[in-house]
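Open the model in your viewer and keep the selection tool ready.

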Amino acid sequence: MSRSGAELALLLLGAYRRMVDEVVAGLESQGYPDVRPVHDFAMRAIAAGADSASELGRRMSVSKQAAAKTIAVLVERGYVDRETDPDDARRKRLEVTPLGFEVMRAGEALFEDLRESFEREIGASELASLEAALKTLVGDSAVRIEAPGWVAQELD
């Protein structure tokens, strides 16, 4: 039975959605009911140096307005702070809060648990083969979600 490229894309998307949905549910059960994937992407970009809405928008390949909306949600929920820039009092710099880092670490642990679950589900060698095949297809380095090229669809 021959499969199409579209079917492969849907399988890859389905695997991604399963992982994200399970981690979001896990975060909710740990007391973080308001975290979405875009929040993690934005916090990682901020932690990596995106300290303004303009810079966050560039790194996430979204408009400054979309980045500002995401920042407002993150500030409201306590995951990010706006600090006055010591070099320019008119400018507000972004910083991930301890709570934001806590959420990111919790998500990372849930992804690790999910990977271990996949290993039990399909076997260690099958998972290693899948990971090796994906590395061959996408290259040695993982997608950097805080760098340009990733397009955000979900903003809150």
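A salt bridge here is a side-chain nitrogen of Lys or Arg within 4 Å of a carboxyl oxygen of Asp or Glu. By this rule, the count in this predicted model comes to 12 salt bridges.

**Stop 1: Arg77 and Asp34.** Select both side chains. Their closest N and O atoms are 3.8 Å apart, a salt bridge. Arg77 lies in the loop between α4 (64–76) and β1 (80–85), and Asp34 in the loop between α1 (5–29) and α2, so the pair ties together parts 43 residues apart in sequence. Arg77 is partly exposed at 27% relative accessibility. Asp34 is partly exposed too, at 21%.

**Stop 2: Asp51 and Arg91.** This salt bridge spans 2.8 Å, N to O. Asp51 sits in the loop between α2 and α3 (53–60), Arg91 in strand β2 (residues 88–96), 40 residues apart. Is Asp51 buried or exposed? Asp51 is buried, with a relative accessible area of 16%. Arg91 is partly exposed at 29%.

**Stop 3: helix α3.** Pick Glu55 and Arg59, which form a salt bridge at 2.7 Å between the closest N and O atoms. Both lie in α3, 4 residues apart, about one turn of the helix. Arg59 is buried, at 18% relative accessible area. Now select Arg18, Glu22 and Glu121: salt bridges with shared partners join them into one network.

**Stop 4: α2 against α5.** Show residues 37–47 (α2) and 98–122 (α5); the axes come within 10 Å and cross at roughly 120 degrees. That makes α2 oblique to α5. The crossing is left-handed. From α2, Asp40, Met43, Arg44 and Ala47 make the contact; from α5, Gly100, Phe101, Val103, Met104 and Glu108 do. By class, the contact has 5 nonpolar, 1 polar and 3 charged residues.

Note on methods. Residues are numbered from 1 along each chain as its sequence is written. This is a predicted model: local features need pLDDT of at least 70, side-chain atom pairs count only at pLDDT 80 or more; totals for chains, interfaces and linings use all residues. Side-chain values use heavy atoms; hydrogens and water are left out. Axes are lines fitted to C-alpha atoms, for helices over the stretch in contact, and angles run from 0 to 180 degrees between N-to-C directions. Helices (H or I, at least four residues) and strands (E, at least two) are DSSP runs, numbered from the N terminus. Angles under 35 degrees count as roughly parallel, over 145 as roughly antiparallel, 65 to 115 as roughly perpendicular and the rest as oblique. A crossing is left-handed if the near helix is turned anticlockwise from the far one by less than a right angle, and right-handed if clockwise. Contact means heavy atoms within 4.5 Å. Ala, Val, Leu, Ile, Met, Phe, Trp, Tyr, Cys and Pro count as nonpolar, Asp, Glu, Lys and Arg as charged, and the others, Gly among them, as polar. Buried means under 20% relative accessible area, exposed over 50%, partly exposed in between (1.4 Å probe, protein chains only).
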